[in-house]
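Subject: A structure for you to look at

Hi there,

Here is the structure I promised to pass on. Please open it beside this message, and then read on for what turned up.

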Amino acid sequence: MTNKTNLILMSCCAPCSAGAIKQLVNGEIPGIDEFIVMFFNPNIYPMDEYQKRLSEQIKYCEKLGVKYVVGDYNHDDWKKAVCGLENEPERGLRCSKCFAYRFCFAREYAKKHGFNAIASVFGVSRFKSQSQVDVAAKESCGDIKYLPIKWDENLRVKINRESNFYRQNYCGCEFSFRK
Ligand code: SF4
């Protein structure tokens with residue numbers, strides 16, 4: 001058994017994850033020995049939007065020399081997971097299912113690849129509820145430790161101001177398009 005903490009940081013996009021990744025690179029989060037960024041977002045629609053967010057994420061990770069993994073994009077499977085909840089508002093039940101779906105994937109990946117902790121940036125957007133993300137994570141991560149890290153918002157905003165990230169104006173799925 002290792003006492004090391006090998007973390008999977010789940011990310012939805014570069015603008016949300018930039019500060020968290022920088023903090024981890026700088027060793028600002030105590031107790032983390034190694035980490036990897038996971039981009040598993042089959043919730044994003046349509047495909048060209050997914051590609052834009054993925055490409056920005058990869059660019060930022062490569063700029064900082066951070067390892068990353070990309071999960072499969074199967075939007076139809078994701079839609080089955082949230083079936084019946086299409087009309088839920090953002091922060092409603094559909095989002096809980098969506099978080100759980102992605103955390104479950106991370107849990108299985110962690111078990112197979114020797115990671116023992118999971119954190120995310122799913123709650124950093126002002127449209128999201130951090131407590132909702134935390135509940136979904138705790139219910140989904142099983143034996144893999146969930147770390148509800150509170151990321152430095154000032155750093156995230158600063159990096160976003162200095163960067164030229166592609167920036168979306170909706171959360172991700174087709175049910176979250178904003179008028
Ligand atoms: S609004 Fe965002 S978190 Fe909620 S279901 Fe859609 S993609 Fe997932």
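Does Arg156 count as buried or exposed? Arg156 counts as buried, because its relative accessibility is 16%; the word buried stands for under 20% relative accessible area, exposed for over 50%, and partly exposed for what lies in between (1.4 Å probe, protein chains only).

Before going further, please keep in mind that this is a predicted model, in which local features need pLDDT of at least 70 and side-chain atom pairs count only at pLDDT 80 or more, while totals for chains, interfaces and linings use all residues. Residues are numbered from 1 along each chain as its sequence is written, and side-chain values use heavy atoms, leaving out hydrogens and water.

Salt bridges

Nine salt bridges turn up in a search of the whole structure, each being a side-chain nitrogen of Lys or Arg within 4 Å of a carboxyl oxygen of Asp or Glu. Arg156 and Glu153 are three residues apart in helix H6 (residues 153–162), so about one helical turn separates them. (Helices are DSSP runs of H or I with at least four residues, numbered from the N terminus.) Glu153 counts as partly exposed, at 36% relative accessibility.

In helix H2 (residues 47–64), Glu49 and Arg53 lie four residues apart, about one turn of the helix. Their salt bridge has its closest N and O atoms 2.7 Å apart, and both Glu49 and Arg53 are buried.

Another salt bridge links Arg107 with Glu108, where the closest N and O atoms are 2.8 Å apart. Glu108 is partly exposed, with a relative accessible area of 32%.

Now look at helix H4 (residues 93–113) and helix H5 (residues 130–140): they pack at an angle of about 45°, and their axes are 8 Å apart. Axes here are lines fitted to C-alpha atoms over the stretch in contact, with angles running from 0 to 180 degrees between N-to-C directions. H4 and H5 are therefore oblique to each other, since angles under 35 degrees count as roughly parallel, over 145 as roughly antiparallel, 65 to 115 as roughly perpendicular and the rest as oblique. The contact (heavy atoms within 4.5 Å) includes Phe99, Phe103 and Arg107 of H4 and Val133 and Ala136 of H5.

Enjoy exploring!

Best wishes

Notes. Helix = DSSP H or I, 4+ residues; strand = E, 2+ residues; numbered from the N terminus.
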